[in-house]
Amino acid sequence: MKTKYYNLTSEQTLEKLTSQTTGLTDAQVKERQAQYGPNVLEAKKHTTLLQKFIAQFKDLMIVILMVAALVAMFAGEVSDALIIFLVVILNAVFGVFQEAKAENAIDALQEMTTPYSRVRRNGEILQVKSDELVPGDIVLLEAGDIVPADMRLLSANSLKVEEAALTGESVPVDKDAAVMTETEPPLGEQHNLCFMNTSVTYGTAEAVVFATGMNTQVGHIATMLDEVDNSVTPLQKNITHLSKVLTVLILVIAVVIFVFGVVTGRESVLDMLLTAISLAVAAIPEGLPAIVTITLALGTQAMAKRHALVRKLPAVETLGTTEIIASDKTGTLTQNKMTVEQLYTPQTDLVKASAFEISPEAKLTQIMILANDSQETPDGLVGDPTETALIQYYLDRGLDITQVQKAFPRVDSIPFDSERKMMSALVENNGQTYLMTKGAVDEILRQATQIEENGQIRPLTKADKEKILKVNHDLALEALRVLGFAYKPLTDTTKEKTAKNYENDLIFVGLIGMIDPERPEVKDAVAEAKSAGIRPLMITGDHKDTARAIALRLGIITPEDTAGVITGRELDAMSDEELKQNVDRYSVYARVAPEHKVRIVKAWQAHGKIVAMTGDGVNDAPALKTADIGVGMGITGTEVSKNASDIVLADDNFATIILAVREGRKVFANIQKAIQYLLSANLGEVLTLFMMTMLNWSIFAPVQILWINLVTDTFPAIALGIEKGEKNIMQQKPRGSKSNFLSNGVGSSIIYQGLLEGLLTLGVYWIALNYPFHHTSAQIHADALTMAYATLGVLQLFHAFNSKSIHGTIFRKETFNNKYFNLAVISSAILLAMTIFVPAFNQTFHVTTLALQQWLIVLGAGVLMVLIVEVVKFFQRRFIYQDER
Ligand code: ATP
């Protein structure tokens with residue numbers, strides 16, 4: 001029978017799971033990991049290499065080609081048939097290789113984004129990968145965590161958990177550790193249990209794991225497992241669609257060629273069939289989706305190296321189109337390394353931190369130390385940098401803070417939240433309970449009615465407030481974060497510990513200003529974003545003046561920008577429509593709460609802009625999801641926020657977003673290059689064959705078509721996917737949300753370049769016919785066909801260099817900067833030349849040996865291809881794409 005953990009007390013639960021409050025020992029963990037396996041929901045099983053290989057032959061055209069080849073074999077064309085089989089198998093091998101590569105890259109992504117949990121093992125608190133949890137582990141939960149397994153609460157502090165993933169109920173439910181007497185409560189009411197994949201929205205707790213992996217409640221819901229992220233990007237969708245359209249078109253042309261060839265009676269029906277099918281196999285861009293996936297996947301790896309972890313593949317693509325980047329200030333634009341700089345009390349006025357006289361008796365000192373959740377550990381102070389800075393200040397000044405902490409033991413707390421921007425501790429001293437509060441100065445003043453000066457408490461006057469706000473303003477102008485401090489003795493401590501019940505009628509004692517230096521690389525990143533046509537926005541909970549001062553230093557706004565800053569309160573006063581009308585005016589949002597972020601994103605999206613938004617807290621999840629690119633924080637981000645993000649910054653750094661955008665643009669450009677190269681080559685092939693048939697010339701043999709396609713298409717196209725990216729890529733405007741892979745002149749280039757390839761090939765054939773080297777008609781035709789075959793191959797290899805830049809010239813040093821590309825072109829050239837230069841292959845490939853003059857004509861066509869494309873590009877740069885010099 002299944003254990004009903006909700007009916008057991010904490011002690012019984014621990015006993016049942018052979019665990020203890022100090023956690024499991026290493027030996028126990030090892031043993032249980034062997035017994036229960038990893039704590040993961042079984043993802044889709046990967047197909048084996050063999051399965052992938054077999055899958056390559058499911059393509060209808062390939063099947064028809066193989067059947068036709070078999071028939072040909074029995075009809076006596078053994079070598080042709082063998083070559084066809086060889087090419088088909090090689091094609092399949094490449095296909096498998098491509099797929100496996102793409103799959104590995106995607107696996108690596110998942111590996112990088114595995115969540116962590118805080119556990120107690122051997123009596124110590126550790127961070128472990130969530131998939132290493134075992135039954136009996138003691139897990140520490142806090143707001144923003146995603147519950148990593150099913151667990152029974154041992155203790156809970158105002159814990160609220162959102163269980164929508166499991167129960168569909170989106171309102172967070174209260175949880176506590178009390179034992180339940182009901183024998184069959186529904187899942188949603190099992191308030192002393194927490195379930196895997198639900199999220200903690202408030203409070204803290206300690207719990208013991210009783211089920212992991214597939215044994216958890218979500219593990220039992222089979223349908224959820226199908227949701228493993230196999231998201232297809234818009235680009236991939238479009239490409240698949242285009243491939244389908246082209247398939248139909250090419251099939252029609254292949255049929256026309258077949259019928260025409262048979263009707264004119266030049267070749268046998270079988271030969272004509274093989275030729276037509278080979279054309280279909282060669283020209284249908286079946287490798288295109290794979291090339292796109294590989295390029296996207298390689299892009300994610302490059303991004304990972306630069307600390308941007310992509311969680312959802314479509315983000316790679318969207319990143320390149322980003323037009324607005326709304327970034328949190330603290331930790332992303334700044335270092336989140338706070339230091340106290342100045343202090344102010346009514347009696348001392350403003351004093352430099354180093355000169356301020358400190359005393360453990362002063363209320364300001366006590367509040368700074370007590371309304372503080374930082375913890376001293378052997379590794380140093382841990383906690384919110386705003387809070388550790390306060391403790392550090394006293395440690396640096398040599399004060400014994402434990403003395404203060406011991407004299408005022410904490411009895412309760414009202415945690416910080418970014419809505420009300422304060423936090424309080426309830427502490428006791430000599431039988432009297434005090435509320436010690438710190439927070440944003442404006443919020444503290446809103447709740448303060450008295451002020452302490454020289455130990456005397458008196459009503460807070462309007463003049464006091466004005467003075468305090470002036471100090472606040474002055475400090476903020478120096479880009480300091482300002483915190484206010486207040487307290488009150490409590491008479492009634494029985495009420496529920498909420499801000500509403502306690503944080504009022506406060507006695508103001510003073511304030512401090514602390515500096516949070518900018519991240520050094522952000523200023524350049526902001527400038528780069530601007531030159532790339534991207535507008536950076538700053539979003540912060542901090543004061544308007546602090547925000548403005550930092551935004552000015554970072555270049556997000558300029559001194560002339562008078563309207564650039566808006567506060568959360570001003571936002572509240574605006575309707576969504578008003579915000580939409582005016583959103584363009586603001587670059588800095590101060591004193592905002594997470595729910596404002598959603599409105600900001602939507603207002604920009606209403607203008608059709610692609611918006612990236614950063615976030616770290618549990619309340620940021622909606623904004624992260626609404627944004628086109630949700631950017632999570634690897635260091636400070638909660639699991640909930642990371643889960644809602646499309647990319648996660650491993651270093652929390654704004655500059656990393658810009659690097660990722662650059663990478664995203666590069667990936668898209670590379671995909672365009674590969675597409676342009678591949679499709680123009682295919683068009684060239686189709687046109688050549690079509691015209692050969694129509695003009696009653698000799699027609700390429702199936703092996704020739706297949707070989708050209710194999711050697712010249714695959715290698716260079718993949719290599720184009722890993723191009724380095726052009727220097728000026730961040731000086732161009734974002735390509736716009738409506739653009740697709742054929743935009744920016746790629747569509748028209750495919751057509752004219754494809755036509756050019758076809759015409760040049762046909763031209764060489766014509767020259768060979770009209771200026772023959774031989775006398776017999778058979779020899780003349782054989783030469784002409786060989787030259788056309790060589791030309792088509794050579795053109796594609798030359799054209800591969802053209803394709804390295806959509807509009808840039810080939811005559812620059814970057815043309816040879818991609819060693820994989822160079823290698824790809826060289827090996828393709830060798831494979832192609834081999835069929836003509838090695839006599840043993842001549843017959844198999846139906847070619848003759850060519851004289852030097854004939855080769856010169858072939859190479860001349862290649863050079864002409866480059867020159868003509870250069871001239872077109874020159875005019876394009878001159879008149880259409882002026883920012884792409
Ligand atoms: P971001 O720029 O990432 O939005 P932020 O730090 O500016 O972060 P919040 O963390 O929401 O925004 O802080 C808003 C305000 O709340 C701060 O300006 C400060 O006045 C106050 N505050 C911040 N942390 C604490 C804290 N631990 N205790 C009390 N007040 C705090």
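**Entry 1: the ligand**

I began with the ligand and found 21 residues around it, the closest being Thr-330, Glu-387, Arg-481, Thr-540 and Asp-542, where a residue is near a molecule if one of its heavy atoms lies within 4 Å of it. I noted that this is a predicted model, in which local features need pLDDT of at least 70 and side-chain atom pairs count only at pLDDT 80 or more, while totals for chains, interfaces and linings use all residues. Residues are numbered from 1 along each chain as its sequence is written, and side-chain values use heavy atoms, with hydrogens and water left out.

I then looked up polar contacts, meaning pairs of N or O atoms within 3.5 Å. A polar side-chain atom of Glu-387 lies 3.0 Å from a nitrogen atom of the ligand, and an N or O atom in the side chain of Asp-542 is 2.6 Å from an oxygen atom of the ligand. For Ala-440 I found a polar backbone atom 3.5 Å from an oxygen atom of the ligand.

**Entry 2: α9 and α10**

I turned to helix α9 (residues 234–264) and helix α10 (residues 269–283), whose axes, 9 Å apart, pack at an angle of about 160 degrees; helices here are DSSP runs (H or I, at least four residues), and angles run from 0 to 180 degrees between N-to-C directions of axes fitted to C-alpha atoms. The two helices are therefore roughly antiparallel, a term for angles over 145 degrees, whereas those under 35 count as roughly parallel, 65 to 115 as roughly perpendicular and the rest as oblique.

The contact (heavy atoms within 4.5 Å) includes Ile-250, Leu-251 and Phe-258 of α9 and Met-272, Leu-273 and Leu-279 of α10.

**Entry 3: α17 and α20**

Next I checked helix α17 (residues 462–477) against helix α20 (residues 544–554), and their axes come within 7 Å and cross at roughly 15 degrees, which makes α17 roughly parallel to α20. On the α17 side I found His-473, Ala-476 and Leu-477, which meet Asp-545, Thr-546 and Ala-549 in α20. This contact has 3 nonpolar, 2 polar and 1 charged residues.

**Entry 4: α26 and α28**

Last, I looked at helix α26 (residues 654–694) and helix α28 (residues 746–770), which pack at an angle of about 40 degrees with their axes 7 Å apart, so that α26 is oblique to α28. I counted by class 14 nonpolar, 10 polar and 1 charged residues in the contact of α26 with α28.

Terms used:
Polar contact = N/O pair within 3.5 Å; in protein donor to acceptor, adjacent residues only side chain to side chain. Nonpolar A, V, L, I, M, F, W, Y, C, P; charged D, E, K, R; others polar.
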